[in-house]
Amino acid sequence: MPGSPGHDLDELSPQQLDRFIDTYALEAIKLSSVKFAAVGGLCLDNAGAITVGSLVDTRFCNGPDSNHLGGPFKSTRDQYLYQIEACLSAIKAGMLFRLSPLRAYLAHLEVRDLILDCAALAEEEPEFYLKHPDGTADNILLDESGAVTALLDWEW
Amino acid sequence: MYYLLTLNRANTTCKVAAFGGPRWAQPDHFWEGNMALSENELKLIEAYERHGREDLAHCVRNARIHQLLFGFFGHNMYTPWCTKEFLSSRHAMKSTLNPGSSPKAITIQEWDIEIKRKYEGDEGLAMVRELDQRQLETRSRSDIVYPLQRVMRRSWKCCRKIMGRT
């Protein structure tokens, strides 16, 4: 695979940085044509077609298969509310934020109310797109001119 | 152009979260409540606009909600030594998720009082209070035990030195 990881973008010259951002934008534009019907994790259905199944998030890993976290969801708002409920349950069970469960629990209740009251999150979302879980420059390969040659590690 | 992607491990999300400022473009200051766009985010907006994609430029301008929530989950900022970080990220969440609210900065003591009053009827709260109490007791025990152990270990080393065994 050509190119080397971006690592520190501060080390690029102004010309290389402009080239990097421009080619990144072009790749994102291409990716915006790949659409899905729900929020979740990609998987294959019985016929071998790519479909959307449970969300994958290793930050919620508490057991052999628990990093598959619910879903698919019909909105990001539903996803966040599900994640909040999962966190609240894990705190109550003594599995998450064990050093200060009370403050963590109350903070999650407060954020749940903020999500429920948030007008922007209540808007209808007709289509969904691939999201890189860690969009740092470490996962982007660049050539000498700064142009993007590969986007790596889209998986959790 | 190459994309390296493993099926069963990649997620989908809404347009704003997918195309809003990626990590390489994000500033750190939004966790402290400063919502200004970074230089790289502004350049990305310009690039999208230059290529006729005002819709993707809009995503970069409006992605803070998702960036804050993405960072919120699983991030442990609830211990006493993370109070400053906790209060500033709470302030950022409040002002971004509810833009009309203009929340005032509060101390952790004020937050404690306000939040316990607000959620006193919550079903799970009693159980979590118990867990928290147990944790406090363990912590206070270790506050006594660990320094004592350190003092004893140091004294033992001194004794061994004096007795010429080291």
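Modeller: Read along the sequence, chain B follows the pattern β-β-α-α-α-α-α-α-α, with seven helices and two strands; helices here are DSSP runs of H or I with at least four residues, strands are runs of E with at least two, and both are numbered from the N terminus. This is a predicted model, in which local features need pLDDT of at least 70 and side-chain atom pairs count only at pLDDT 80 or more, while totals for chains, interfaces and linings use all residues. Residues are numbered from 1 along each chain as its sequence is written, and chains are lettered from A and ligands numbered from 1 in the order in which they are written.

Biologist: How many residues does each chain bring to the contact, and which element of chain B gives the most?

Modeller: Chain B brings 52 residues and chain A 71 residues, where two residues are in contact if their C-beta atoms, placed from the backbone, lie within 7 Å. Helix 7 of chain B gives the most to the chain B side, with six residues. That side divides into 29 nonpolar, 13 polar and ten charged residues; Ala, Val, Leu, Ile, Met, Phe, Trp, Tyr, Cys and Pro count as nonpolar, Asp, Glu, Lys and Arg as charged, and the others, Gly among them, as polar.

Biologist: Why is a set of residues called a nonpolar core?

Modeller: The name applies because its members are buried Ala, Val, Leu, Ile, Met, Phe, Trp, Tyr and Cys residues joined through C-beta atoms within 7 Å, buried meaning that 20 or more other C-beta atoms lie within 10 Å of a residue's own. The largest such core has 34 residues, of which A:Ala25, B:Leu44 and B:Tyr48 touch the most other members. Its largest share, five residues, comes from helix 1 of chain A. A second, separate core of 28 residues includes A:Leu106, A:Leu114, B:Leu69 and B:Met77.

Biologist: Leaving aside neighbours within four places in sequence, which residues is B:Leu44 in contact with?

Modeller: With that exclusion, B:Leu44 is in contact with A:Ile21 and A:Ala25 in chain A, and with B:Gly21, B:Ala25 and B:Val60 in chain B.

Key: A residue is buried if 20 or more other C-beta atoms lie within 10 Å of its own, exposed if 12 or fewer, and partly exposed in between; C-beta atoms are placed from the backbone.
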